[in-house]
Amino acid sequence: MLKKIAVVLMMLGIAHFSHTPHLEVTHPSSWGNASVWNHNATLWSILKPGSEFYTSYSYGFNLEFILRKIAHISFFGILAVLIYWNLQEKPGRYVKAGLLLACFAFLDEVHQAFIIGRDGRIVDVFIDSFGGALFLFFLYKTKLKKAQANEYISSVKK
């Protein structure tokens, strides 16, 4: 039950920050800005070919940009691990966790596109998915090393 609560809380935390306009990682006072929906936006206006959703960033490469991308990778990486832990132990568990994470990342970016002072970008979906894949890879490597260590200990005991 605790694993399910953890994944829901992480998703709500990510959604909260996505819903916060003019968010600046370097200014924690901006983390509580009241949001305003863009009532003129539609799903088609956001996702149609040539829309802002598919363009590059409008802000420059600075400390704020770097911290935002680190936050994307970190938060979505942790979410991927939490999703993984909530899945049944079956083959393809890592892939399923990665796909579920990518779906959430896409929905999160679409959500951001509806908030005035935020922008949703497809490139952020890829960055979020990279973060999830990276953390799942580290989890896999850790589990593999642990299994090898246990196998070695078992062979020494015989």
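## Starting at Ser18

Leaving aside residues up to four places away in sequence, Ser18 touches Asp108, His111, Gln112, Ile115 and Arg118. With Gln112 there is also a polar contact, side chain to side chain, at 3.3 Å. Keep in mind that this is a predicted model.

Where does Ser18 sit? It belongs to helix H1, which covers residues 2–18. Is Ser18 buried or exposed? Its relative accessibility is 4%, and buried means under 20%, so Ser18 counts as buried.

## The whole chain

Now for the wider view. The chain has five helices and zero strands, so reading from the N terminus gives the pattern α-α-α-α-α. Its C-alpha atoms fill a box of roughly 70 × 30 × 30 Å along the principal axes.

Of the 158 residues in the chain, 33% are buried. Take the contacts with a separation of 6 or more: 69% of them join residues 24 or more positions apart.

## How H1 meets H3

Two packed helices are described by the angle between their axes and the distance between the axes. For H1 and H3, the axes come within 9 Å and cross at roughly 155 degrees. That angle is over 145, so H1 is roughly antiparallel to H3. The crossing is left-handed.

Who does the touching? On the H1 side the contact is made by Lys3, Lys4, Ala6, Val7, Met10, Met11 and Ile14, and on the H3 side by Phe75, Phe76, Ile78, Leu79, Leu82, Ile83, Trp85 and Asn86. Sorted by class, that gives twelve nonpolar, one polar and two charged residues.

## How H3 meets H5

Helix H3 (residues 63–86) also packs with helix H5 (residues 122–157), their axes coming within 7 Å and crossing at roughly 50 degrees. That makes H3 oblique to H5. H3 passes H5 in a right-handed crossing.

H3 brings Lys69, His72, Ile73, Ser74, Phe76, Gly77, Ile78, Ala80, Val81, Tyr84 and Trp85 to this contact, while H5 brings Asp124, Ile127, Asp128, Phe130, Gly131, Gly132, Leu134, Phe135, Leu136, Leu139 and Lys143.

Conventions. Residues are numbered from 1 along each chain as its sequence is written. This is a predicted model: local features need pLDDT of at least 70, side-chain atom pairs count only at pLDDT 80 or more; totals for chains, interfaces and linings use all residues. Side-chain values use heavy atoms; hydrogens and water are left out. Helices (H or I, at least four residues) and strands (E, at least two) are DSSP runs, numbered from the N terminus. Buried means under 20% relative accessible area, exposed over 50%, partly exposed in between (1.4 Å probe, protein chains only). Contact means heavy atoms within 4.5 Å. A polar contact is a pair of N or O atoms within 3.5 Å; within protein, one must be able to donate a hydrogen and the other to accept it, and residues adjacent in sequence count only if both atoms are side-chain atoms. Axes are lines fitted to C-alpha atoms, for helices over the stretch in contact, and angles run from 0 to 180 degrees between N-to-C directions. Angles under 35 degrees count as roughly parallel, over 145 as roughly antiparallel, 65 to 115 as roughly perpendicular and the rest as oblique. A crossing is left-handed if the near helix is turned anticlockwise from the far one by less than a right angle, and right-handed if clockwise. Ala, Val, Leu, Ile, Met, Phe, Trp, Tyr, Cys and Pro count as nonpolar, Asp, Glu, Lys and Arg as charged, and the others, Gly among them, as polar.
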